[in-house]
Amino acid sequence: MCLAIPARIVELTGEDNARVDLGGVRKEISLALVEGAAVGDYVIVHVGYALSLLDAEEAERTLALFAEAGIDVAAAAEEGAAP
Amino acid sequence: MKYVDEFRDGALASKLAAAIRVEADPARNYAFMEFCGGHTHAISRYGVTDLLPANVRMIHGPGCPVCVLPIGRIDMAIRLALAENVTILTYGDCLRVPASNGQSMLKAKARGADIRMVYSAADALALAQREPERQVVFFAIGFETTTPPTALVIRQAKALGLANFSVLCNHVLTPSAIMTILESPEVRELGTVPLDGFIGPAHVSTVIGSRPYAFFAEEYRKPVVIAGFEPLDVMQAIRMLVRQVNEGRAEVENEFTRAVTEDGNRKAQALVSEVFELRRSFEWRGLREVPYSALKIRKAFAEHDAEARFGLAYQSVPDNKACECGAILRGVKKPTDCKIFGTVCTPENPMGSCMVSSEGACAAHYNFGRFRDIPVVAA
Ligand code: SF4
């Protein structure tokens, strides 16, 4: 019951509610627990409620850290190969 | 950015795996507990274990809300439905959790109890409004993620003066569960469960923030890395834990910065403390009674507290003797250590709670991991 994927807000439907797109599926959820969510934002939805907004910049930063892993490995391999 | 595919990229996964292999010291063993059932699910589903070197081991933790629900609490709901003729509403996973005498909510429903599944707390409240002639009880379970929605509907019910809606509260707290594991004799004295660090929960942390884990890092010298639910998140978190161990650090680090801040969701926290207070003690399946580990509804909302309204008392019931869920939830045993795993106990017919939800250790292993146990024999 804890599994959830990020959902994109496509429409504010009033009274703290919004319609979101969950990988192609449209669903009505509540925004009552978050502040300042707008159309186009991605939110983490849990049992019908948005729990937090996703930060695009932070996401990019995390992806950059993943990519850096490849560089580390290459460097380590070179170090190992060096006499 | 869709926040999904980017975090499941196979090529990046093998790079991260290679980085972990390079960084893990072959002269030592690493054992990390993923606290949360969502991580257990991701690790099994994407085969993360297969990508790790043999000396980095993952231990499943007790962070699956259905798995830690003790039999006695489900008995309370069944009794209420059958004896008081109330309508019980709950999240789908609860229906199949084994209760006393081979019962479950689903079986009680077949015997005529009015027990229904809802997707959200809001649905439960709406149903009470739609059917004012029925007493409706929302059987609320979960960690810090499901608690704010429950708080919200209790407050709404009070504001609406909704006399036929109450909540049977089973909400539990993540930090107390982590603490119980760290204090358990297996970890502290016996050393039977080597534990070098934790992967901190994803969604729970969006609510409580990263701060509450600082205590574990400082007091118990265990590193904590909060991670998102995608496979690359989990692998990056493992890599960060390996680094901390190598460098002799025990800090709280946050891999899931795109959703988790230090403070968490203040709005949700304020709501929860308005409606709930700490319970002196609560029984967890597998961890027994844990002091101050759960929430109860404050007096101001007593009218919407099913325990107060129907005078319910809790009675502890021992688990099925063959079931090893308790030891599995404490990280002492693996699903395959249970004699009835995959034979008598399957997701279709669960004997223990770990086999019910797809986030439970036994169900996750049954669905995704059990074929790996069979050695491949070359023809
Ligand atoms: S396999 Fe079933 S009975 Fe055995 S420990 Fe897991 S849930 Fe319990």
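Me: Among contacts in chain B between residues at least 6 apart in sequence, what percentage join residues at least 24 apart?

Reply: This is a predicted model. The contacts considered in chain B are those between residues at least 6 apart in sequence. Among these, the share that joins residues at least 24 apart is 77%.

Me: What radius of gyration does chain B have, and what would a compact globule have?

Reply: Chain B has 379 residues, and a compact globule of that length would have a radius of gyration near 21 Å. The C-alpha trace spans about 65 × 50 × 45 Å along its principal axes. The radius of gyration of chain B agrees with the globule value, at 21 Å.

Me: How many helices and strands does chain B have?

Reply: Both kinds of element occur in chain B. The counts are 16 helices and 13 strands.

Me: Is B:C36 buried or exposed?

Reply: A residue counts as buried under 20% relative accessible area. B:C36 has 5% relative accessibility, so B:C36 falls under that cut-off. Another cysteine, B:C362, has 7% and is buried too. Of the 379 residues of chain B, 61% count as buried, and B:C36 is likewise buried.

Me: How many disulfides does a search of the whole structure find?

Reply: A disulfide is a covalent bond between the sulfur atoms of two cysteines. The search covers all chains. The number of disulfides found is zero.

Me: How far apart are the mean positions of the positive and negative charges of chain B?

Reply: Chain B has 43 positive and 42 negative charges. The distance between their mean positions is 3 Å.

Definitions and conventions: Residues numbered from 1 in each chain as written. Chains lettered and ligands numbered in written order. Predicted model: local features only at pLDDT ≥ 70, side-chain atom pairs only at ≥ 80, totals over all residues. Heavy atoms only, no water. Disulfide = S-S within 2.5 Å. Buried < 20%, exposed > 50% of the residue type's maximum accessible area, 1.4 Å probe, protein only. Helix = DSSP H or I, 4+ residues; strand = E, 2+ residues; numbered from the N terminus. Rg over C-alpha atoms; globule rule 2.2 N^0.38 Å. Contact = heavy atoms within 4.5 Å. Lys, Arg positive; Asp, Glu negative; His and termini not counted. Charge placed at Lys NZ, Arg CZ, Asp CG, Glu CD.
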